[in-house]
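Open your viewer and get ready to select residues by chain and number. Each stop below tells you what to pick and what is there.

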Protein chains: 2
Amino acid sequence: MPKSDASIDIESSDESKGKAPLIGDAKEKTSGLKKVMGICDFVLRLAAIIAALVAAATMGTSDETVPFFTQFFQVQASYDDLPTFRFFVIAMAVLAGYLVLSLPFSVFTMLRPNIVILRILLFILDIVVLSLSTASASAAAAIVYLAHSGNPNTNWQAVCQQFGDFCQKVSGAVVASFVAVVFLMLMVLLSGFILLKNAKK
Amino acid sequence: MPKSDASIDIESSDESKGKAPLIGDAKEKTSGLKKVMGICDFVLRLAAIIAALVAAATMGTSDETVPFFTQFFQVQASYDDLPTFRFFVIAMAVLAGYLVLSLPFSVFTMLRPNIVILRILLFILDIVVLSLSTASASAAAAIVYLAHSGNPNTNWQAVCQQFGDFCQKVSGAVVASFVAVVFLMLMVLLSGFILLKNAKK
């Protein structure tokens, strides 16, 4: 009886010897891939923060005062004149604020990839802010287009001849916001892949 | 020796007996949940198709001809006058077309839940059309707001007093498109959960 027990012990230890390195290798590989994905996620978040801040700041400082030569008073154009631009600034500020707050969580999920619930929460919030910023960027783009080229059917005049500097700044802000949206889309795709990798392990 | 071997066999078969029903039960439960989620996905797609078609059709038929009483000619308002509304109709048509094409795939992934790659493809395309329809809906909303209330700073007059019927139809189309966007958001969330369930199995 003691002899057979010993043989069983040897067999089981043989088995573990044969399998352990393989499992360890695959785990290490997956963990390395996860680290790289986590770093990419962090960098994308940083880039999106910069783009969102640039968009909000450019739109927020787009005031322009133009003198009326015929009459002795001045006309001012500001993002505050149009509700869509106000929404744009708020949405971009919310986006930048959310992304800054999400940075520590991004690092945390990179260091502790086992906490899947945090990743899922980040993923859902990412989709929400993606929709928010897409909405604000495209609404502002529609208004900027109107400001540039006007619309003869509704008798809306183009105002960019008058407020050239204002229009340029506003257009720049819209471009920056679309750059932020692209970064966000990449982030959402990456988050999805990280989630899949986490879940499959 | 033979005696000890026999005892080992019995032990292992006992183990498998103890575990097999449990695994089967869990699998059946997960499969049932997946079926329900698949049906929800299908119904949401149908609802989003209807909302998108209503939005596109309402916007597309929003022509209005108003007689000018003082002069003897007529003025026509049409969605075609504004590039944003043209983009809206195209985006809603694309959305409805994509959703109709995705219906058989949705059914297929419901019947064969093991084909994860198809689900991932659907998920990515869902996020893309979600962004597209959010962009078109919010851009149209910005223009509709202008048409309703105008903007004194840029000297853009409200045109809804003149074209009341046109404005009402256009506003209805924007509301329908936002309903479609909400259905799409629910779909994306559901797809994410289905993916997680699939990957965890």
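The tour goes from the two chains to their contact, then to single residues.

**Before you start.** This is a predicted model: local features need pLDDT of at least 70, side-chain atom pairs count only at pLDDT 80 or more, and totals for chains, interfaces and linings use all residues. Residues are numbered from 1 along each chain as its sequence is written, chains are lettered from A and ligands numbered from 1 in the order in which they are written, and side-chain values use heavy atoms, with hydrogens and water left out.

**Stop 1: both chains.** Colour chain A and chain B. A rotation of 180 degrees, with 0.0 Å of shift along its axis, places chain B on chain A with an RMSD of 0.0 Å. That is the relation of a two-fold axis. The superposition is by least squares on the C-alpha atoms of residues with pLDDT of at least 70 in both copies.

**Stop 2: the contact.** Select residues in contact, meaning heavy atoms within 4.5 Å. Chain B gives 34 residues and chain A gives 33 residues. Together they bury about 3,200 Å², 79% of it on carbon and sulfur atoms. Buried area is the accessible area (1.4 Å probe) that two parts lose on being put together, summed over both. How many salt bridges are there between chain B and chain A? The count is zero. A salt bridge here is a side-chain nitrogen of Lys or Arg within 4 Å of a carboxyl oxygen of Asp or Glu.

**Stop 3: a pair in a helix.** The structure holds eight salt bridges over all chains. Select A:Asp41 and A:Arg45. They form a salt bridge, with the closest N and O atoms 3.0 Å apart. Both sit in helix α1 (residues 2–60) of chain A, four residues apart, so about one helical turn separates them. Helices are DSSP runs (H or I, at least four residues), numbered from the N terminus. A:Asp41 is buried, at 0% relative accessibility. A:Arg45 is buried too, at 0%. Buried means under 20% relative accessible area, exposed over 50%, and partly exposed in between (1.4 Å probe, protein chains only). Now select B:Arg45 and B:Asp41: their side chains meet in a salt bridge (3.0 Å, N to O).

**Stop 4: another pair.** Select B:Asp80 and B:Arg86. Their salt bridge has its closest N and O atoms 3.4 Å apart. B:Asp80 is partly exposed, at 41%. B:Arg86 is partly exposed, at 38%.

**Stop 5: B:Leu125.** This residue is in helix α3 (residues 116–149) of chain B. B:Leu125 and B:Tyr98 are 27 residues apart in sequence and 8.9 Å apart in space, C-alpha to C-alpha.

Technical notes:
Helices (H or I, at least four residues) and strands (E, at least two) are DSSP runs, numbered from the N terminus.
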